[in-house]
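Reader: I'd like to learn how to read a few local features from a set of coordinates. Can we go through them one at a time?

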Amino acid sequence: MDHAMHHHTGAAPGATWPTAIRATLHCLLGCAVGEILGMAIGTALLWGNVPTMILAIGLAFVFGYSFTLFAVVRAGVSPKAAVKIALAADTVSIAVMELVDNAIIALTPGAMDAQLSEGLFWYALIGGFAVAFLVTTPVNKWMIGRGKGHAVVHAHH
């Protein structure tokens, strides 16, 4: 009877805040690399805001997925299976992170027109990532607790 009492928390093993924070930091790293690269390319090519944001968001997904993909393949999973794992593990996390981050940037006065050399560009980007991290971490914790998101990766580490 005592054993059953320990499992009524509603959370699966591994659905701890530290696990959710690690999963979110992993996602944040991929998103940041892709987004900064996209913003730098779009700005350097003198693209407008919309094509630059599309490139940045696209690259955020590419880098976010690739970090998981490479880790899972390195653990011995086939590339085809690794793609499915990366899509299952990261799609919601990256989507939430990008939605929040880009909303913060879009709502920060002047940030969309700021250049890479301006502090406003970096403050808006870093602030967007900080808020996105705070919003995405509980989402990841909830998903991990239900065996979704980064929980599917942990079986392959």
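Reader: Does Thr19 count as buried or exposed?

Author: Before that, a word on the ground rules: this is a predicted model, where local features need pLDDT of at least 70, side-chain atom pairs count only at pLDDT 80 or more, and totals for chains, interfaces and linings use all residues. Residues are numbered from 1 along each chain as its sequence is written, and side-chain values use heavy atoms, with hydrogens and water left out. Now, buried means under 20% relative accessible area, exposed over 50%, and partly exposed in between (1.4 Å probe, protein chains only). Thr19 has 10% relative accessibility, so it counts as buried.

Reader: Which helix is Thr19 in, and which side chain does its own side chain contact?

Author: Helices are DSSP runs (H or I, at least four residues), numbered from the N terminus. Thr19 belongs to helix H2, residues 17-44. A polar contact is a pair of N or O atoms within 3.5 Å; within protein, one must be able to donate a hydrogen and the other to accept it, and residues adjacent in sequence count only if both atoms are side-chain atoms. Here the partner is the side chain of Thr16, at 2.8 Å.

Reader: How many disulfides turn up in the whole structure?

Author: A disulfide needs two cysteine sulfur atoms within 2.5 Å. The search finds zero. Take Cys27: its nearest cysteine sulfur is that of Cys31, 3.9 Å away, and Cys27 is in no disulfide. Cys27 is buried, at 2% relative accessibility, and Cys31 is buried too, at 0%.

Reader: What describes a pair of aromatic rings?

Author: The distance of the centres and the angle of the planes. Rings of Phe, Tyr and Trp (its six-membered ring) pair if their centres lie within 6.5 Å; planes under 30 degrees apart are stacked, over 60 edge-to-face, and the rest tilted. This structure holds three aromatic pairs. One of them is Phe61 with Tyr65: the centres are 5.9 Å apart and the planes at 50°, so that pair is tilted. Both residues lie in helix H3 (residues 49-74), four residues apart, about one turn of the helix. Phe61 is partly exposed at 21%, whereas Tyr65 is buried at 17%.

Reader: Which geometry do Phe63 and Phe67 have?

Author: Edge-to-face, with 6.5 Å centre to centre and 85° between the planes. Phe63 and Phe67 are also four residues apart in helix H3. Phe63 is partly exposed at 24%, and Phe67 is partly exposed at 26%.

How values were computed: Helices (H or I, at least four residues) and strands (E, at least two) are DSSP runs, numbered from the N terminus.
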